[in-house]
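Please look over the structure below. The report that follows takes up a few of its parts in turn.

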Amino acid sequence: MRNKALQAVEQYQMLPYGSRVTVALSGGADSVALLHFLCSLQKERMLGLQACHINHLLRAEESERDEAFVRKLCEDWRVPLKVYRENVAAGAKNAGESVELFGRRVRYQRLFQAADGGLVATAHTLSDRAETTFINLLRGTGLKGLCSIPPVQGKVIRPLIFCTREQIESYCRENEIRYVTDSTNFSADYTRNRVRQTVIPALQAIQPSFYPLYSRMLGHLEEDEAFLEQTADEAFEKAQQASGLDAGVLGELPLAILFRVLRRYFGSHQVSCETVQMEAAQRLLRQKRGRIQLQKNCWLEWNAGLLSICRDEGEFQMAPLEVGPGKLPENSLASGCLRLLNCEQFTNLQKRECNILKKTIDYDKIYGRLFLRQKKEGDYLRLAHRKVGKPLRKWWNEQKIPPRQRSRIPVLSDEESPVWVYGLGADERVLPTKETVRFLVIDIEEEAL
């Protein structure tokens, strides 16, 4: 076991010198063996080592036994220990989740809390990985699911990922390491246990070299998955726009890459990305119109060549705010300042910022008062650098900005019409000339959309 664990550590560079590592310690053979292994590397790699035990309070006296065992073990081995007690059954009921799903989520939350930015080491094994592959297979998984549990996942490392459960138990016997056994491991009520007790032994009876061959298959699958993920990263970067994904780019992608790009986009909006959502996205791309509800108050829509996720939060509204030179008053539309400069100051600034004219107006050409406001019906802007004037809605159509986002775009207007619009620039009516004496430089940014 030790050699295989060292191989995993080196191959995936899991333990940089001086790492802080928190071990997920249940008290079972796998986690105790992991802690023992890492303790043996502590001096050599100058590891800051601690353990973390989460008591889920699911097995009455047995849960208390496990906690007591872990406390005694860490005391004997002089390993700092953090213990969390979580009523997972009650929490799952309140959250409307399965006990297994809720327990897993809480477990990782506590582990990351204990780690405080350091590494989290879990005792997942090759046996766990094989079981997960078959469980995912039964759920109709894709390539990523077949690859099962990754050896490294962000801050989570899995040094025992090349070791079978039998090898770990043998390691415990050879080193006279005590551990406890979870009675639910023998229950046929759980899919994982049934796969462990029936499917894997049946496959080993057919092919005694099941685990070496399974490991070889994983290597091939991981190479393919890595290539597809890299390709998807490049496609996602190409498709990304400020307001969504370019539907033209998406339409040219093979399905394998399209699904991965959509998964990234959905994930960035905290939206579930299952088969039904993928099929919905495909329909919109084919139809080139419409919107489909993904979940409560959340929609996927096709608009002006963009595929985007939007949420029904009601239209943003803000009364016009009178402004002048200096820092903008606090508001929900925009932040920044208006800088009033003389000719010499502006000339010096222009030498450093070549595009400064797009956000500068002649202060003396402002008609009446100046306001920061939202768009309104009939707003018109003539851009000097484009030599054309259009209603704001047409400028925004060209920019492919969805209508739902337009109420949050800052407009600077005098009592006659807009003098500057975020993302477009200044109106020709108020542009500086050689006769300009006072220059108003507009440094305004949108507040969070």
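A hairpin of six residues connects β13 to β14. Helices (H or I, at least four residues) and strands (E, at least two) are DSSP runs, numbered from the N terminus. The model is predicted: local features need pLDDT of at least 70, side-chain atom pairs count only at pLDDT 80 or more, and totals for chains, interfaces and linings use all residues. Residues are numbered from 1 along each chain as its sequence is written, and side-chain values use heavy atoms, with hydrogens and water left out.

Strand β13 (residues 326-327) pairs with strand β14 (residues 334-341) over two bridges, in the antiparallel sense. Two strands pair if DSSP finds at least two bridges between them. Gly326 has Leu338 of β14 as its bridge partner. Lys327 has Cys337, also in β14. Cys337 in turn stands opposite Asp443 in β22. Strand β22 (residues 439-446) and β14 are antiparallel and share eight bridges.

The order of the open sheet is β13-β14-β22-β15, four strands with antiparallel pairing. Its edge strands are β13 and β15 (360-362), each pairing on one side only. Helix α14 (residues 343-352) packs on this sheet and touches β14, β15 and β22. Contact means heavy atoms within 4.5 Å. The direction of α14 makes about 120° with that of β14. Axes are lines fitted to C-alpha atoms, for helices over the stretch in contact, and angles run from 0 to 180 degrees between N-to-C directions.

Helix α3 covers residues 61-77, 17 residues in total. From first C-alpha to last, α3 reaches 24 Å, close to the 24 Å expected at 1.5 Å a residue. The expected span is 1.5 Å times one less than the number of residues.

Which residues of α3 are buried? They are Glu62, Ser63, Asp66, Glu67, Phe69, Val70, Leu73 and Cys74. They cover an arc of only 160° around the axis, so they lie on the same side of α3. The arc is that of the directions from the helix axis to the C-beta atoms. Buried means under 20% relative accessible area, exposed over 50%, and partly exposed in between (1.4 Å probe, protein chains only).

The buried residues of α3 pack against α2 (29-45), β2 (48-55) and β3 (81-85). On the face turned away from the buried side sit the exposed residues Glu61 and Glu75. Arg78 follows α3, with a positive phi near 55°.

## Ser19 in a loop

Ser19 lies in the loop between α1 (2-11) and β1 (20-24). Ser19 counts as buried because its relative accessibility is 9%. The Ser19 side chain reaches the backbone oxygen of Pro16 at 2.5 Å. Neighbours within four places in sequence aside, Ser19 is in contact with Met46, Leu47, Gly48 and Leu119.

## Cys147 in helix α7

Cys147 belongs to helix α7 (residues 143-147). Is Cys147 buried or exposed? Cys147 counts as buried, because its relative accessibility is 8%. Not counting residues up to four places away in sequence, Cys147 touches Arg129, Leu218, Leu221, Glu222 and Glu225. Between Cys147 and Ser31 there are 116 residues of sequence separation and 22 Å of space, C-alpha to C-alpha.

How values were computed:
A polar contact is a pair of N or O atoms within 3.5 Å; within protein, one must be able to donate a hydrogen and the other to accept it, and residues adjacent in sequence count only if both atoms are side-chain atoms.
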